[in-house]
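Please take a moment with the sequence and the structure before reading on. The paragraphs after them are meant to be read with both in view.

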Amino acid sequence: MNISWIKKNTFHYSEFTDLTRLVDEKQRKNLKISLCLPTLNEEKTIAKEILIMKSELMTRYPILDEIVVVDSGSTDNTRNIARGYGADVYKAADILPDLANFKGKGENLWKALYVTQGDIIVYLDADIKNIHHRFAYGLLGPLILFDNIKYVKAFYDRPIAIGKSKIRPTGGGRVTELLIRPLFSLYFPELTQILQPLSGEYAGHREIFENIPFPIGYGVETSMILDIYEKWGLDVFAQVDLDRRIHRNQDTRALGKMSFAILQTFIKRKKKLGMVDYKEKLYNEMIQYNLIKNEFEPDIYKIEGHERPPIIEIPEYREKFKRIS
Amino acid sequence: MDNYIDKLPGFVDTIKSIEETIITNIVLMGQIPAPTFKEKRRANIFMERLAEFQVDECTTDGYRNPIGIIKGTSESKPPIFVVAHLDTVFSKDIDHYYSIQEKSITGAGIMDNSVGVGVLVSLPEIFRKLGLRFESDIVLAGVIQSLGKGNLRGIRHLLKTWATPIRGAVCIEAAELGRLNYYADGMIRCEVDCNISPVDGWEHKFKPNAILVINEVINQILKLRLPQKPRSRVIIGKNSGGFKHGVIAYDATLGFEIQSNSDKMVKSIFNSIKDIIEGTSHEYEVDLKLKTLSNIHAARIKFNHPLVKSSVAVMKKLDLTPVSGPSESELSIFLSRKIPAVTLGITRGVNYHQQNASVEIEPISKGIAQIIGVIMAIDSGVCDEHLLD
């Protein structure tokens with residue numbers, strides 16, 4: 001196993017605080033950069049993310065060329081607030097409307113490729129309470145400065161917000177440690193060097209994203225890593241320590257559903273690579289039980305595991321970006 | 001003077017055009033916890049932001065108040081101070097992450113004093129955007145240890161050790177837009193601690209209850225006859241004690257302030273309360289300790305001082321109605337050192353000292369234009385020939 005990658009390709013955001021240098025390099029390389037925020041009912045945090053990014057990385061240092069919000073159909077005020085603070089806002093269902101409609105984070109990320117202009121795209125979750133522009137410039141630093149790096153993933157010390165107003169200093173990453181890391185250790189030991197493979201913040205060159213499929217739901221982060229690894233190898237990856245990320249805690253049941261979708265994605269990839277051959281059909285329902293009036297009632301949640309193909313295979317995309325499949 | 005006054009309404013629009021940067025500064029500063037005596041992290045970020053906005057000098061004084069200096073065009077004019085206190089009343093384990101809505105910002109400490117601090121670090125960029133240069137150096141100071149037991153130590157030290165004369169000062173507070181403070185009452189801030197030994201002593205037939213003892217102290221303070229002239233009052237501000245519903249309280253604390261526009265009266269009321277506490281301590285056979293946390297002398301500039309008159313003119317030009325009252329803040333330290341100063345508010349808000357405090361975004365640009373108007377007034381010389389009484 002090549003373990004030199006972690007030493008060579010792991011950075012701290014503070015290595016990229018010279019924003020003037022990033023602007024100069026970006027201009028020299030004639031790059032366009034898009035920030036995409038996938039949303040679903042994020043009215044509490046979306047304005048702060050847009051405002052800080054716009055002020056620091058558009059107005060003061062012209063690193064970002066656009067901020068795009070792709071929304072899954074929020075029922076709160078997310079889209080209005082985002083528009084009010086100057087982002088380009090789209091409903092995912094309105095992008096490429098002739099295609100079948102799906103709902104999920106992966107769907108938003110995939111469709112963002114069609115509406116954004118950037119050569120580099122930064123994806124940030126929209127629920128980051130302690131948002132700071134380092135979340136974007138930290139991810140962009142290696143992509144702008146090093147030509148061999150094509151995809152950058154964030155990792156953190158991640159405190160979880162508990163109760164109404166208290167913060168405890170450790171926690172998070174349960175699905176990573178209980179599911180992803182054992183799977184990677186079993187099948188792709190090199191990938192264990194990626195410290196937080198499920199972090200929702202990453203950036204990469206368009207040529208990478210347009211050539212990989214996107215699961216529409218939770219599996220998107222895992223599939224991205226596996227597909228990029230398979231096509232381009234580990235050396236195009238980098239990871240950046242972005243310090244702290246304060247996020248909403250999820251209960252164990254929600255993490256169970258997330259794990260189900262990730263396993264689905266993982267197994268699909270392994271089958272494709274010929275690493276396993278399952279003789280029996282895999283089901284697509286996550287079953288959890290509730291105790292209701294002394295009776296155990298199943299709570300069945302269907303996870304279809306739909307995937308979008310590499311967007312370069314979509315004719316409208318090829319036409320818009322003058323690409324050949 | 002009319003020259004700059006007329007420009008102020010136009011300033012509002014220009015300031016609005018960089019509102020994102022101003023709000024970003026408010027949020028980035030305010031989200032760092034800074035309880036009194038633990039302002040170091042916020043002070044560091046304050047310096048970082050000032051350095052990023054390219055002030056001419058960025059440093060700390062001997063007391064670790066962070067300071068940025070924008071050099072003026074004149075070698076001889078004394079500097080103008082613009083200050084905002086960095087500390088807040090919230091401990092560091094309180095959630096300080098702010099939420100921005102369409103028209104408001106919400107979060108712990110936003111009104112006291114994140115907006116003030118964020119605006120202070122934004123001033124270099126705002127001056128640049130407005131194309132403003134001043135004759136005087138502009139000293140931007142985020143002062144530490146201001147609130148409660150901090151006893152305004154930061155500003156006291158800064159002014160005590162500042163080597164040269166100071167031309168005038170503007171103190172910035174988040175709220176309320178329209179406030180114009182130009183006088184400070186005399187004030188003594190005290191705490192009374194009542195402690196009762198949990199071990200039974202021979203002198204107590206019945207175990208005294210610390211909360212009830214403090215209650216007796218409060219009742220006696222309320223019986224004091226306070227004069228209307230000099231205007232005087234005692235504010236009972238804090239009270240805590242006990243640890244369990246079904247157990248007599250062994251300890252209790254009372255926090256209060258004596259305020260008056262006469263230092264003599266403050267002292268006289270203080271002595272009366274001291275007598276009350278000694279008497280109660282003796283009669284209840286309990287340990288009552290009176291601690292003085294802060295002491296400020298009454299000081300003022302007159303309403304017809306050119307700084308006040310100019311401030312009123314600036315506010316009226318921006319359709320603001322000035323509302324005046326005493327202020328026991330950085331202002332009092334400037335005034336007590338005979339430095340003309342005013343305190344101004346930037347915006348409007350609700351839930352002042354609560355975790356869900358919230359400020360309006362829309363008025364902020366006008367609040368800043370007003371501050372700049374007053375700085376321009378001082379720079380034009382309104383404080384130069386009028387010594388304080």
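This is a predicted model: local features need pLDDT of at least 70, side-chain atom pairs count only at pLDDT 80 or more; totals for chains, interfaces and linings use all residues.

Residues are numbered from 1 along each chain as its sequence is written, and chains are lettered from A and ligands numbered from 1 in the order in which they are written.

Helices (H or I, at least four residues) and strands (E, at least two) are DSSP runs, numbered from the N terminus, and two strands pair if DSSP finds at least two bridges between them.

Turning to the place where the chains meet, 16 residues of chain B are in contact with 19 residues of chain A, contact meaning that the C-beta atoms of two residues, placed from the backbone, lie within 7 Å. On the side of chain B that touches chain A, the elements giving two or more residues are α2 (19-30) and β4 (99-100) of chain B, and α2(B) provides the largest share, five residues. Sorted by class, this side of chain B has six nonpolar, six polar and four charged residues, where Ala, Val, Leu, Ile, Met, Phe, Trp, Tyr, Cys and Pro count as nonpolar, Asp, Glu, Lys and Arg as charged, and the others, Gly among them, as polar.

Within chain B, helix α3 (residues 40-52) packs against helix α4 (residues 110-130) at an angle of about 25°, and their axes are 8 Å apart. Axes are lines fitted to C-alpha atoms, for helices over the stretch in contact, and angles run from 0 to 180 degrees between N-to-C directions. Because of that angle, α3(B) is roughly parallel to α4(B), a term for angles under 35 degrees, whereas those over 145 count as roughly antiparallel, 65 to 115 as roughly perpendicular and the rest as oblique. On the α3(B) side the contact is made by B:Phe46, B:Arg49 and B:Leu50, and on the α4(B) side by B:Val117, B:Val121 and B:Pro124; by class, this contact has five nonpolar, no polar and one charged residues.

Some backbone details complete the tour. Most residues other than glycine have a negative phi, and most peptide bonds are trans. A cis peptide bond, with omega about -5°, joins B:Ala175 and B:Glu176, and B:Glu176 has its place in the loop between β7 (168-175) and β8 (180-181) of chain B. The peptide bond from B:Lys229 to B:Pro230 is cis as well, with omega near -5°.

A:Lys322, which is not a glycine, has a positive phi of about 50° and is found in the segment after α11 (315-321) of chain A.
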